[in-house]
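Here are some notes to read alongside the model.

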Amino acid sequence: MTGYDAVVYDLDGTLVELDVDWNAVAVDVRKIYHRADVTPPGDGLWGMLEAAGDAGLGDAVEAAIAAHEHDGARTSERLAHADELLERSPPAGVCSLNCEAACRTALDRHGLTPHVGAVVGRDSVATYKPDPEPLMATLSDMDADTDRALFVGDSERDAVTARRAGVDFRWV
């Protein structure tokens, strides 16, 4: 990671492992659709989140997912890349598909908050990964240039986000 002025990390699966049963989250979100008599766009949680606004269910779906994330952040496990974050000198940030409050809770739980200059979650800006806006907002909050930054993540969504933002990417 030498040669970069800033490093942005994804949170879940990269720095910490949120204690979240994502299948249970999808079941809860599916119940919101069914109670509203709206057919969900499929069983995939993120597809249901993306379609929730158009179905008039955005706030309810967001709240259900965020509740699971908050609980999971409080009992999350720290991963090895958190040590890397603590050992590095360039400014660091977090850009996550999780809600910002859950990100901050997990960072606090593991003593990482003082080492992170910016946190952008799913609800921090108008769009979320793989749209480049959250990563660009994180870098902007850090006053960092895209050509001197690295994004570290664990998913194809993270890799696509970095590519769309013109930022180098490294897989965990």
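**Notes on the fold and its aromatic pairs**

1. Helix α6 (residues 133-141) lies across β1 (6-9), β4 (92-95), β5 and β6, and runs at about 160° to β5. Contact here means heavy atoms within 4.5 Å. Angles run from 0 to 180 degrees between N-to-C directions, with axes as lines fitted to C-alpha atoms, for helices over the stretch in contact. Helices (H or I, at least four residues) and strands (E, at least two) are DSSP runs, numbered from the N terminus. Helix α7 (residues 156-165) also packs on the sheet, where α7 touches β6 and β7 and points at about 165° to the direction of β7.

2. A word on the source: this is a predicted model, in which local features need pLDDT of at least 70 and side-chain atom pairs count only at pLDDT 80 or more, while totals for chains, interfaces and linings use all residues. Residues are numbered from 1 along each chain as its sequence is written, and side-chain values use heavy atoms, with hydrogens and water left out.

3. Now the sheet itself. It is open and has 5 strands in the order β5-β4-β1-β6-β7, with parallel pairing; two strands pair if DSSP finds at least two bridges between them. At the edges are β5 (118-120) and β7 (168-171), each pairing on one side only. On average, neighbouring strands are turned by 20° against each other, direction ignored. Strand β6 (residues 149-153) pairs with β7 in the parallel sense over 4 bridges, and valine 152 stands opposite arginine 170 in β7.

4. How do α1 and α2 pack? Helix α1 (residues 22-35) meets helix α2 (residues 45-52) at an angle of about 35°, and their axes are 9 Å apart. From α1, the contact takes in Trp22, Val25, Ala26, Val29, Arg30 and Tyr33; from α2, Leu45, Trp46, Met48, Ala51 and Ala52. These residues divide into 10 nonpolar, no polar and 1 charged. Here Ala, Val, Leu, Ile, Met, Phe, Trp, Tyr, Cys and Pro count as nonpolar, Asp, Glu, Lys and Arg as charged, and the others, Gly among them, as polar.

5. A search of the whole structure finds 3 aromatic pairs. Rings of Phe, Tyr and Trp (its six-membered ring) pair if their centres lie within 6.5 Å; planes under 30 degrees apart count as stacked, over 60 as edge-to-face and the rest as tilted. The pair of tryptophan 22 and tryptophan 46 is tilted, because the planes are at 50°, with the ring centres 5.8 Å apart. This pair joins helix α1 to helix α2, with the two residues 24 apart in the chain.

6. Phenylalanine 169 and tryptophan 171 make an edge-to-face pair, since their planes are at 85°; the centres are 5.2 Å apart. Ring pairs link Phe151, Phe169 and Trp171 into a cluster. Phenylalanine 169 is partly exposed at 23% relative accessible area, and tryptophan 171 is partly exposed at 46%. Buried means under 20% relative accessible area, exposed over 50%, partly exposed in between (1.4 Å probe, protein chains only).

7. Lastly, some backbone spots to look at. Which peptide bond is cis? The one from lysine 129 to proline 130, with omega near 20°; proline 130 sits in the loop between β5 and α6. Aspartate 37, in the loop between α1 and α2, has a positive phi near 60°.
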